[in-house]
Amino acid sequence: MVSMKDVSMVYKTSGTLATDHLSLNIDEGEFVFLVGPSGSGKTTIIKLLTGEIKANEGEISVNGFDLTHIRRRRLPKFRRTLGVIFQDFRLIDDKTVYDNVAFAMHVVGASKREIRERVPYVLKLVGLEGREKRLPQELSGGEQQRVAVARALVNRPRLIIADEPTGNLDPAKSLELMLLLQKINELGTTVLVVTHEKELVNAFAKRVISIENGSIVSDGMDGYYAYEA
Amino acid sequence: MKLNRFFYLIKEGIKSIFTHGFMSFASVTIIVACLIIMGSFSLLSFNIDSMISDMEQDNEILAFVEDELSDEEAMAIGTRLEAVSNVSSVTFVTRQEAFESFKAEYDDDTRFDDLPDTTLRHRYVIHLEDLSLVETTAQDIKAINGIADVGAELEISRAIITIRNIISLVSFVIIAILFVVSVFIMNNTIKLATYSRKEEIAIMKMVGASNAFIRFPFVVEGMILGLLGGGVAFFIEWGLYSLLTEKLMATIIGGIVNVVAFEILLIPMLAIFLGIGLLVGVFGSSVAIRNYLKI
Ligand SMILES: Nc1ncnc2c1ncn2[C@@H]1O[C@H](COP(=O)(O)OP(=O)(O)OP(=O)(O)O)[C@@H](O)[C@H]1O
Ligand SMILES: [Mg+2]
C-alpha cells in the first residue's frame with residue numbers, strides 16, 4: 001500500500017536533510033500513527049507520499065503508483081486514490097458544507113445521482129447531518145475538520161493521510177475525531193495519522209512510527225511515544 | 001468531458017463571479033475604463049483621418065486642353081484621362097463654362113465683360129485617389145496628347161499629406177502606449193483577483209482535480225466578465241460620443257468640420273469592443289492561474 005525505500009530528501013532552500021535514508025511499509029487496512037518532535041520530518045514524509053514534493057533519492061510507491069517516476073499529468077489520477085486531511089482543514093470558504101464535499105466528487109467525474117446519494121451518506125457518517133447548507137465559518141473547528149474528513153472519504157480512497165488533524169481542536173474534539181478515523185479504518189480504509197499528542201496516541205493500541213531528524217527511531221505496536229521511553 | 005461535469009463547471013464559473021463580487025466589479029471596471037480610453041482615441045483619430053480624406057477629395061487638379069483642338073476632340077480626351085492610374089474622377093468643363101464662373105467670381109469688375117468667351121481654355125477637373133502621388137499623376141496627365149498644361153496646387157497637397165502622416169503616427173503611438181498600459185493594468189487586476197484563489201486551487205489539486213478542471217471555471221468567469229466589460233464600455237462610448245459630437249456640432253466648429261456618425265460604426269465598434277473584452281478575459285484568466293497550477 002505504502003512503501004518508502006531508502007528515501008532521502010533535501011530542501012534546496014534551507015539545505016535541510018528532512019528525511020535521511022528512510023524506509024517504511026504500511027499494509028492495506030493498517031492504522032498507523034507517525035510521531036516525532038517538531039522539525040523531525042513528518043510533514044515532509046506526508047508531502048512525499050502525496051506527490052507534492054519529490055525525493056532526491058530512494059523509491060516511493062503509494063496505492064500502486066510509482067511516485068519516483070510518476071509524470072505530472074498522472075498526479076491527479078493518483079491523488080484521487082487518496083484522502084488527505086490537514087491541521088488547518090483547508091475548506092473552500094465560499095462553498096457550503098455540502099458543496100465542499102460534493103466538489104471532490106465532481107472532480108472525479110461522478111454522476112449527479114452518485115453525488116446525491118454519496119454526499120449525504122458521508123456527511124451522516126461524520127456526524128454532520130443538518131449542517132449541509134452552512135458555510136465553513138459558521139461551523140466549530142471540530143465540525144470543520146469533520147467536513148474535511150467527509151471530503152477525504154467521499155471518493156472511497158484506499159488510503160487516508162492526516163497531518164496533525166487534531167492540531168486545532170480541543171482534547172475532547174480530538175478524541176472524537178480520532179474515534180471517527182478509527183471507525184473509517186474499521187470500514188476498510190488504511191489510515192496514516194501524524195500527531196504530536198501523546199495522550200491521544202496512548203489511548204489507542206495502534207502501530208506507532210517515531211521519527212527524529214529524518215530517521216525512524218522506533219516502530220511498534222506499543223501505542224506510545226517509543227522514543228521517549 | 002461528461003455533460004454533468006461540463007454544466008457543473010460552467011455553473012461554478014458563474015457562481016464565482018458573484019462570490020468574488022468585488023473583484024469581478026473591479027475587473028469589469030478596469031476593462032471598461034481601458035476600452036473607453038482606447039476607443040475614444042481611436043474614434044478621434046478616425047475622425048481626423050476622415051476629415052483629411054474630405055480635404056483630399058476637395059483638392060483637385062486641372063488639365064488644360066490645347067487651344068487648337070476642336071470641342072469634339074477636346075471632349076474625347078476624357079476617356080484617356082480616366083484611364084490614367086490614380087485618377088478617381090474626371091469632369092469636363094468647357095471654356096465657356098469656365099469663363100462664366102470666372103466672371104461670376106469677379107462680379108463687380110466690368111473689365112472682363114467685353115472679352116470673348118473663348119478667352120479661357122477647355123479644361124478637365126480631376127480628383128485623385130491618392131493625393132500623395134499627385135506629382136507623378138500630373139506628369140502622366142501632361143504626357144497625354146492634347147493636354148497643354150496641368151495645374152496642381154502641389155504645396156497644399158504636400159501640406160495635407162504631411163499633416164495626415166503626422167497625425168497617423170501620433171495616434172498610432174498613443175494607441176499603442178494606451179494598449180500596453182491597459183494590458184499591464186488588467187494583468188495586475190487579474191493577478192490580484194486570482195491571488196485570493198490560490199488556496200482554493202491548492203485544495204482542488206489536492207483532491208485530484210486536473211488542470212483543465214480547475215482552469216475551466218476561471219476561463220468561463222473571465223469570458224463573461226470580459227464580454228460584460230466590452231458591452232458596458234461600448235454603450236458608454238456610444239453615449240459619450242453622441243453627446244460630445246452633438247455639443248461640438250452646435251458650436252462654430254460644427255460649421256467647419258464633419259464628424260463621423262457613431263451609427264455608421266455601430267457593428268464594427270461592438271465587435272471590436274466585445275472581441276477585445278473576450279480576449280482580455282479569457283487570456284488574462286488563463287495566464288493568471290497558470291502560476292498556481294504548478295503545485
Ligand atoms: N519548504 C521548506 N523549505 C525548506 N526547508 C523546509 C521546508 N519545509 C520544511 N523544512 C525543514 O525541513 C525539516 C523538516 O520539516 P517538517 O515540516 O517535515 O517537520 P515536521 O516534523 O512536520 O514538524 P512539525 O511537527 O513542526 O510540523 C525542518 O528542519 C524544516 O525546517
Ligand atoms: Mg508538520
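Reader: How many salt bridges are there over all chains?
Author: This is a predicted model, so side-chain atom pairs count only at pLDDT 80 or more. A salt bridge here needs a side-chain nitrogen of Lys or Arg within 4 Å of a carboxyl oxygen of Asp or Glu. By this rule, the count over all chains is 12.

Reader: Which residue meets A:Asp99 in a salt bridge?
Author: Side chains of opposite charge can pair when their charged atoms come close. Here the N to O distance is 3.8 Å, and the cut-off is 4 Å. The partner of A:Asp99 is B:Lys15.

Reader: Why does the pair of A:Asp99 and B:Lys15 join two chains?
Author: Look at where each residue lies. A:Asp99 sits in helix α3 (residues 97-107) of chain A. B:Lys15 belongs to helix α1 (residues 3-19) of chain B, so the pair joins two chains.

Reader: How far apart do the C-alpha centres of domain 1 and domain 2 of chain B lie?
Author: Chain B is divided into two parts: domain 1 covers 3-55 + 160-294, and domain 2 covers 60-152. Between their C-alpha centres, the distance is 52 Å.

Reader: In which sense do strands β1 and β2 of chain A pair?
Author: Strand β1 spans residues 2-10 of chain A, and strand β2 spans residues 17-26. They form a hairpin with six residues between them, and A:Gly15 in the turn has a positive phi of about 75 degrees. A:Met4 stands opposite A:Leu24 in β2(A). Over six bridges, the sense of pairing is antiparallel.

Reader: Which residue in β4(A) is the bridge partner of A:Ser8?
Author: β1(A) also pairs with strand β4 (residues 57-62) of chain A. That pairing is antiparallel, over five bridges. In β4(A), the partner of A:Ser8 is A:Glu57.

Reader: How much of the accessible area of ligand 1 does the protein cover?
Author: Start with the polar side-chain atoms. One in A:Ser38 lies 2.5 Å from an oxygen atom of ligand 1. For A:Lys42, an N or O atom of the side chain is 2.7 Å from a ligand oxygen, and for A:Thr44 the distance is 2.5 Å. Of the 630 Å² that ligand 1 has on its own, the protein covers 67%.

Reader: Which helix gives the largest share of the shell around ligand 1?
Author: The ligand is surrounded by 15 residues, and A:Ser14 and A:Thr43 are among the closest. By class, three are nonpolar, 10 polar and two charged. The largest share is three residues, from helix α1 (residues 42-50) of chain A.

How values were computed:
Residues numbered from 1 in each chain as written. Chains lettered and ligands numbered in written order. Predicted model: local features only at pLDDT ≥ 70, side-chain atom pairs only at ≥ 80, totals over all residues. Heavy atoms only, no water. Domains from an automatic or database assignment. Near = heavy atom within 4 Å. Polar contact = N/O pair within 3.5 Å; in protein donor to acceptor, adjacent residues only side chain to side chain. Areas by Shrake-Rupley, 256 points an atom, 1.4 Å probe, with all protein chains shown as cover. Helix = DSSP H or I, 4+ residues; strand = E, 2+ residues; numbered from the N terminus. Nonpolar A, V, L, I, M, F, W, Y, C, P; charged D, E, K, R; others polar. Pairing = 2+ DSSP bridges.
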